[in-house]
Amino acid sequence: IESTAHFAPGSEMFRSMCLSPDVWVWTSQRMCHLADLNVGDEIITSSGSRAKVAKIWENLSDDRNWVEVRVWGCRGTPLRCTTDHRVWTSTGWKRAKELTLTDKIEFPIRNLSDDPIKSIELSPYFQSSPTKRRHGNANSHPPYIDAPTLMPLTYDIGRTLGLYLAEGWISSKSGDGFNDVCFAFPAHESERMSFVSKTLKPWVKNPRLINWKQSLGANVILSSRPLARAFQDWFYFDKNLSRAYTKRLPDWIWNSPREFVVGVVVGFFQGDGSWKVTKKSCHIRGVTTSPCLAAQMRDLLLSLKIGFAGLTTKIQKNRHRDWSLQLSGRAAARLGFLCGWCTEDLMAMPESKFWKFVGEKIHVVVESICPIESARPIDVEINHDDHSYRTASAIVANCERAIKGEGIWEYHFLEWWRMPE
């Protein structure tokens with residue numbers, strides 16, 4: 001990060017660019033702190049386009065006031081900025097100091113495709129390196145000559161992939177790439193064990209079930225190098241670090257059939273979710289260690305018009321950070337009905353008073369605006385005419401020039417969300 005003093009008063013480009021370094025922002029592949037951005041990263045602009053970060057500044061001298069804006073459902077990812085920074089609301093751009101508790105932050109809804117793909121191509125993942133030999137014996141992963149090269153995007157496939165995002169990982173024992181797709185289930189979830197084995201059987205040789213010796217559960221091991229390579233490519237934003245906290249949804253999810261997408265959401269919440277249902281209320285919570293997956297799953301719930309999920313975060317004793325998606329009321333009832341946890345009667349409950357669907361957008365209330373101590377100001381310059389971008393809590397203006405320019409918020413934003421790359 002290049003350090004610089006605050007520009008002179010009247011500077012058009014940098015006067016209102018300052019955010020706190022701990023603000024969460026969207027890039028093309030992940031969600032990260034502003035301080036973790038690097039020059040060359042692609043950031044999501046207000047129009048939904050992708051723009052490369054051209055330069056990052058750290059202001060060393062700044063006497064402006066700072067404010068923390070908390071938006072309902074984004075309690076774990078507040079917006080901390082200078083009071084002159086602009087935020088996109090349901091009535092247009094407003095400076096942070098002009099926000100009130102009657103304002104509503106406007107978020108885009110990324111619509112599912114009207115012309116979805118019916119299957120995903122697997123043939124590139126079958127073109128793996130030649131089978132290696134160890135100790136004179138052929139590798140235990142045979143060629144997959146008879147395996148189908150297309151994976152149909154059905155509800156069952158979607159649910160299986162959702163369960164993988166919640167309970168799965170890929171493993172390697174030979175050191176020459178990932179060979180196995182693995183799932184971990186408690187002992188009482190035998191239905192899910194047989195379900196994932198049966199659903200992925202066309203691409204797997206000899207599925208195995210390994211019982212845990214010291215706990216009531218089992219691992220399902222599906223040996224398939226092509227499938228492991230596909231999962232590595234689809235579900236991790238860092239191909240060299242396939243860990244739970246690097247999981248993500250591939251972009252083609254939004255170009256898939258609705259029933260497949262429903263399956264993905266159901267599988268994820270059945271695997272990593274909990275619920276509390278009574279005759280008059282419904283509450284559902286899903287947990288992941290990946291901030292990117294949590295935010296994308298929230299977007300997917302909006303795409304399906306299920307509802308707006310609250311997103312909170314907490315550092316656990318093992319120093320890992322958990323991200324929780326929480327739904328209540330009618331939104332939870334919609335999801336609970338899809339997951340088989342509640343009856344359709346509960347969907348008669350009133351909608352939440354904290355958010356509202358408005359056409360192809362959603363409005364979320366401002367929960368609080370509080371003055372805070374000055375932070376270390378970070379300024380980011382992107383190579384795009386929008387000069388505004390998406391954080392976890394709101395769309396924010398990147399610089400003063402963006403406010404004076406035209407086309408900051410145009411309807412092609414919504415068009416981009418309909419048509420993922």
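Student: Is cysteine 370 buried or partly exposed?

Tutor: Cysteine 370 is partly exposed, at 35% relative accessibility. Buried means under 20% relative accessible area, exposed over 50%, and partly exposed in between (1.4 Å probe, protein chains only). This is a predicted model in which local features need pLDDT of at least 70 and side-chain atom pairs count only at pLDDT 80 or more, while totals for chains, interfaces and linings use all residues. Residues are numbered from 1 along each chain as its sequence is written, and side-chain values use heavy atoms, with hydrogens and water left out.

Student: And cysteine 282, buried or exposed?

Tutor: Cysteine 282 counts as buried, with 1% relative accessibility.

Student: How many disulfides are there?

Tutor: The structure has zero disulfides (pairs of cysteine sulfur atoms within 2.5 Å). For cysteine 282, the nearest cysteine sulfur belongs to cysteine 342, 4.5 Å away.

Student: Turning to confidence, what is the mean pLDDT of the protein chain?

Tutor: The mean is 81, and 81% of the residues reach 70 or more; pLDDT is the predictor's confidence in each residue, from 0 to 100.

Student: Where does pLDDT stay under 50?

Tutor: One such stretch is residues 1-16, with 47 contacts (heavy atoms within 4.5 Å) beyond four places in sequence. Residues 129-143 also stay under 50, and the model has 20 such contacts for them.

Student: Which residues does leucine 301 touch?

Tutor: Beyond four places in sequence, the residues touching leucine 301 include Val265, Phe269, Leu327 and Leu335. Leucine 301 is buried, at 0% relative accessible area.
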